Amino acid sequence: MTIPFLFFAKVLILFRTSRFNQDLEKISNLISKTELDLDKEILYILAVAEDHRVNSHLGIDHYAMLRAIYYTKFKKQFQGASTIAQQLVRVATDRYEKTWRRKLREQLLAVLISRRFSIEQISTTYLKIAFLGSGMNGLDR
């Protein structure tokens, strides 16, 4: 189910959509420069808490998306469906608007970085820059 997203993302790269390509480059550089110095247990805890199907998708958890759509539409309850890769994209690009365009863009970038980098690299980078509550942003800050 991820193939259409991958195809569309590749088309955006080919057409040199400047903001999209800049964000992809920014995220790729960020991941490449991040040292993998976190304990595997911390990364496992992140995966269990945030994205328990992390090993069965490429940046988009389609089951979580369908669940979130169902709960939002029919039960009027907001449910998150973002993978760790999508959360990294959101934090790295500093885009938080609640629109379907932002979500689609986030998914496209997540698919591309998930093909290029390991989940350990993505998770470590996310933990190092994410808002962790009470004014604490990232493990390094």
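These notebook entries record what I looked up in the structure above.

**Basis.** I worked from a predicted model, in which local features need pLDDT of at least 70 and side-chain atom pairs count only at pLDDT 80 or more, while totals for chains, interfaces and linings use all residues. Residues are numbered from 1 along each chain as its sequence is written, and side-chain values use heavy atoms, with hydrogens and water left out.

**Entry 1: nonpolar core.** I took a nonpolar core to be a set of buried Ala, Val, Leu, Ile, Met, Phe, Trp, Tyr and Cys residues joined through side-chain atoms within 4.5 Å. Buried means under 20% relative accessible area, exposed over 50%, and partly exposed in between, with a 1.4 Å probe and protein chains only. The largest core holds 33 residues, and Phe20, Ile27, Ile31, Leu88, Ile113 and Ile122 touch the most other members. Two or more residues each come from helices H1 (3-14), H2 (18-33), H3 (40-50), H4 (62-74), H5 (84-93), H6 (100-116) and H7 (119-129). H6 gives the largest share of this core, 6 residues. I used helices as DSSP runs (H or I, at least four residues; strands are E, at least two), numbered from the N terminus. In soluble globular proteins, nonpolar side chains tend to be buried together.

**Entry 2: Ile27.** Leaving out residues up to four places away in sequence, Ile27 touches Leu88, Val89, Ala92, Thr93, Leu109 and Ile113.

**Entry 3: Gln86.** Is Gln86 buried or exposed? Gln86, in helix H5, is buried, with a relative accessible area of 0%. With residues up to four places away in sequence not counted, Gln86 touches Gly59, Ile60, Ala81, Lys103, Glu106, Gln107 and Ala110.

**Entry 4: helix H7.** I found H7 mostly covered, with 8 of its 11 residues buried. These are Ile122, Ser123, Thr124, Thr125, Tyr126, Leu127, Lys128 and Ile129. The buried residues of H7 pack against H2, H3, H5 and H6.

Entry 5: On a 1 Å grid over the protein atoms alone, a cavity is a set of points where a 1.4 Å probe fits but cannot get out; a pocket is an open set with protein on both sides within 12 Å along at least five of seven lines; lining residues have an atom within 4 Å of a point. Grid points are joined across faces, edges and corners, and a volume is the space filled by probe spheres set on the points. For residue classes, Ala, Val, Leu, Ile, Met, Phe, Trp, Tyr, Cys and Pro count as nonpolar, Asp, Glu, Lys and Arg as charged, and the others, Gly among them, as polar.

**Entry 6: cavity.** I counted 1 cavity of 30 Å³ or more. The largest cavity has a volume of about 40 Å³. Its lining consists of Val89, Arg90, Thr93, Arg95, Arg102, Arg105 and Glu106, and divides into 1 nonpolar, 1 polar and 5 charged residues. H5 and H6 each supply at least two residues of this lining.

**Entry 7: pockets.** Of its 18 lining residues, Phe78, Gln79, Ala81, Arg102 and Lys103 lie nearest its centre. H4 contributes the largest share of that lining, 5 residues.

The second largest pocket has a volume of about 240 Å³. Its lining has 14 residues, of which Leu12, Phe20, Arg101, Arg105 and Leu108 lie nearest its centre. H6 provides the largest share of this second lining, 6 residues.

Conventions:
Contact = heavy atoms within 4.5 Å.
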